[in-house]
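Reader: I've got this one open on my screen and I'd like to go through it with you. Can we start with the whole chain and then pick out some parts?
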Amino acid sequence: MLDQIRIVLVNTSHTGNMGSAARAMKTMGLTQLVLVDPQTLPDDSAHALAAGASDVLANARVVSTLDEAIADCGLVIGTSARSRTLSWPMLDPREAGEKAVGEGMKHPVALVFGRERTGLTNDELQKCHYHVAIPANPEYSSLNLAMAVQTICYEVRMCWLQDQAPEVESEADYPSAHQLEGFYQHLEQTLLKTGFIADDHPGQVMSKLRRLFNRARPEAIELNILRGILTSIQKPKPQD
């Protein structure tokens, strides 16, 4: 089941952090690593710091965008150390581990980590169902990337070992991140057409709608209904 849970590193600048993250993953039994637009590909420094986890690095998938990394995932959790102007459903590391293990039995799960200095952008965080923050000492909260990966992977492993993954609330089939993104694009096109949002400034309303639907987590069949409604608005039934 752990092979359903992937660690996604976005725009990593230091190859040593890739190696250290791979080591952190392997010690906790995770092997699926995805590198999104890395500034440099893994090199000798990365493999040296991997310390026996070079296989994780060698098998890492390299993609250009976060959308590619999470397209088939039914659950996406993004790490965030900063307070944001737009609130989002938050988890602590233990809750994130429980969610990842519980839903990893049904579909791929992505745990997303941002850039060393600036983390994930607001746009990237809006692609996540939940955000997770590590409750470090507020007087010195300087965790490096590999430490953050180790912390979250540890919670995943503890949940898996204890076999206490919470039951998925229903037998629901959740849409993938790619399907959700298609819905958001469809929704924005429809709202632009009706004039509900302005062409030159759709961002704030769409951000709030993303938060609403990510919090609600519609099932795949419900998402199809919503898209059907949007299509009916775009193409009204001709009058007899």
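Reader: So how much of the chain counts as buried?

Author: Of its 240 residues, 47% do. Buried here means under 20% relative accessible area, exposed is over 50%, and partly exposed is in between, with a 1.4 Å probe and protein chains only.

Reader: What kind of model is this, and how are things numbered?

Author: It's a predicted model, where local features need pLDDT of at least 70 and side-chain atom pairs count only at pLDDT 80 or more, while totals for chains, interfaces and linings use all residues. Residues are numbered from 1 along each chain as its sequence is written, and side-chain values use heavy atoms, with hydrogens and water left out.

Reader: OK. How many helices and strands?

Author: There are 10 helices and seven strands. Those are DSSP runs numbered from the N terminus: helices are H or I with at least four residues, strands are E with at least two.

Reader: What share of the contacts links residues 24 or more positions apart?

Author: 85%, among contacts with a separation of 6 or more. A contact means heavy atoms within 4.5 Å.

Reader: Let's do H8. Which of its residues are buried?

Author: Ala177, Leu180, Glu181, Gly182, Phe183, Tyr184, His186, Leu187, Thr190 and Leu191. Their cover includes helices H4 (66-70), H9 (203-216) and H10 (220-234), plus strand S4 (75-79).

Reader: What span should H8 have, and how far apart are its ends?

Author: H8 covers residues 177-194, so at 1.5 Å a residue its 18 residues should span 26 Å, and the end C-alpha atoms are 26 Å apart, which agrees. The expected span is 1.5 Å times one less than the number of residues. Just after H8, Gly195 has a positive phi of about 85°.

Reader: Now H9: what do its buried residues pack against?

Author: H8 and H10. The buried set in H9 is Met206, Ser207, Leu209, Arg210, Arg211, Phe213 and Asn214. Arg217 follows H9 and has a positive phi, near 50°.

Reader: Last one, His131. Which residues does it touch?

Author: Not counting residues up to four places away in sequence, His131 touches Ile77, Gly78, Ser80, Trp88, Pro89, Met90, Leu91 and Leu125. His131 belongs to strand S7 (residues 130-132), and it's buried because its relative accessible area is 4%.
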